[in-house]
Every structure is written in structure tokens, then in C-alpha cells.
Amino acid sequence: WPDGLTAKNIQSAIAEFERSLFTPDAPFDRFLRGDEQAVSVAVKEGWRLFRDLGCSACHQGVNLGGNLYANLGVMGDYFSERGRPIQKSDLGLYNTTGKEKDKHVFKVPGLRNVGKTGPYFHDGSIASLDLAVRVMARYQLGRSLENDEVDYLLVFLNSLEGQYQGRPL
């Protein structure tokens, strides 16, 4: 920016970033619109698992999340079992409200383009989507997933990648 870091330039950068979040026409979108050929049998199985396991209870709506807050560690104490001391960032919504009930409560992220947006979790501590899926299953659903279940979920999640400015991500 030739005129430097100005309020107008910051506003423009944020607006451009927000526009980049709109990535329509993912294969899964085409499937939902009735194109049965837009996704593979594996994607359909991942979508079935996603719903049957209960992932869609939190990851819902057009962005498969981003519209509610949830406690991280519903089915286990994620923060004590991960083996690191609690950091301020681990307190989540509590940092804003100061309410005890908001400790470890975070905005549920949307899953659009999730295969491209690692690292994962509130602190970026989970390097791979595979591990993020396994940790979420354990601490949010109380489940230990089989490798094939994780594979199906990953194929489904990757079908959520749309296009930016008419080009696939």
C-alpha cells in the first residue's frame, strides 16, 4: 500500500478477506442441489457418518458451523488430558464474559474449506485434520473412531471446498 497502514486500507483488507470466505459451488453443494454424480460414494458415506455420529448437532447450517458456541470437552476433560498447562486462550468465551460457565466455550467453526485451513482448534495446536476429527470425536462425542470412519469423514469434509473467484481452491 503506497499510502501506508491506514484505517481505510485495514478496512479494505478485512473486506477482501471476508469476500474470500464465500466459496460457492463445492461438490457437496452440487450434491445437495440434486446432482448425485457431484460426489463419490465415499463422500456420501462420510456425510451419513457426520449426521449419524452427531457432528451436525454443532456443525450445522450452510457453513456447517459458525453459528453457535459450545464447550470443548463435553465427553471428557480435553484440557487436563492434553498434557499442557491451561493458557489464557484455553479459557475461551470466559475471557470476554468473565462467567464461570463460559470457561472452555468456543465458537463452533464453520467447516467450509476446512481441509485448507489448518492448523486446527482455538490455539492451532492440532496440525492435521485427521487428528482434529479424532480429537473431536473423543471429546465431543465420546467416540473412538475406526480408521475407515475417519477416512470417510475426511473425504466428506474435503468435498466442502468450493471456488474462489471462479477457480477451485
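Not counting residues up to four places away in sequence, F156 touches F28, V43, G46, W47, F50 and L64, where contact means heavy atoms within 4.5 Å. This is a predicted model, so to speak, with residues numbered from 1 along each chain as its sequence is written, and local features need pLDDT of at least 70. Side-chain atom pairs count only at pLDDT 80 or more, totals for chains, interfaces and linings use all residues, and side-chain values use heavy atoms, with hydrogens and water left out.

F156 also turns up in the largest nonpolar core, which has 32 residues; F50, L129, V133, F156 and L157 touch the most other members. A nonpolar core here is a set of buried Ala, Val, Leu, Ile, Met, Phe, Trp, Tyr and Cys residues joined through side-chain atoms within 4.5 Å. Buried stands for under 20% relative accessible area, exposed for over 50%, and partly exposed for what falls in between (1.4 Å probe, protein chains only). Two or more residues of this core come from each of α2, α3 (41–53), α4 (78–81), α6 (129–141) and α7 (147–158). The top contributor is α6, with six residues. Helices are DSSP runs of H or I with at least four residues, and strands are runs of E with at least two, numbered from the N terminus.

R48 and E45 pair up in a salt bridge at 2.5 Å, N to O, a salt bridge being a side-chain nitrogen of Lys or Arg within 4 Å of a carboxyl oxygen of Asp or Glu. The two sit three residues apart in α3, about one turn of the helix. R48 bridges to D52 as well, with the closest N and O atoms 2.5 Å apart; these two are four residues apart in α3, again about one helical turn. As for accessibility, E45 is partly exposed at 23%, R48 is partly exposed at 32%, and D52 counts as exposed because its relative accessible area is 53%. The structure has 15 salt bridges. Another of them links D25 to R30, with the closest N and O atoms 3.7 Å apart. D25 is partly exposed at 28%, and R30 is partly exposed at 26%.

T23 is found in the loop between α1 and α2 (27–32). With a relative accessible area of 6%, T23 is buried. Its side chain makes a polar contact with the side chain of N113 at 2.8 Å. For a polar contact, a pair of N or O atoms must lie within 3.5 Å; within protein, one must be able to donate a hydrogen and the other to accept it, and residues adjacent in sequence count only if both atoms are side-chain atoms. Neighbours within four places in sequence aside, T23 is in contact with N113, G162, Q163, Y164 and L169.

On the surface, L5, I10 and I14 make up a nonpolar patch, with about 310 Å² of accessible area together. Patches take residues with over 30% relative accessible area and no salt bridge, joining like charges within 9 Å and nonpolar side chains (Val, Leu, Ile, Met, Phe, Trp, Tyr) within 5 Å. Accessible areas come from the Shrake-Rupley method with a 1.4 Å probe, and for residues, only the protein chains shown count as cover. I14 belongs to helix α1 (residues 7–20) and is partly exposed at 46%.

N95, in helix α5 (residues 94–97), is partly exposed at 36%. Beyond its neighbours within four places in sequence, N95 is in contact with K88 and S89.
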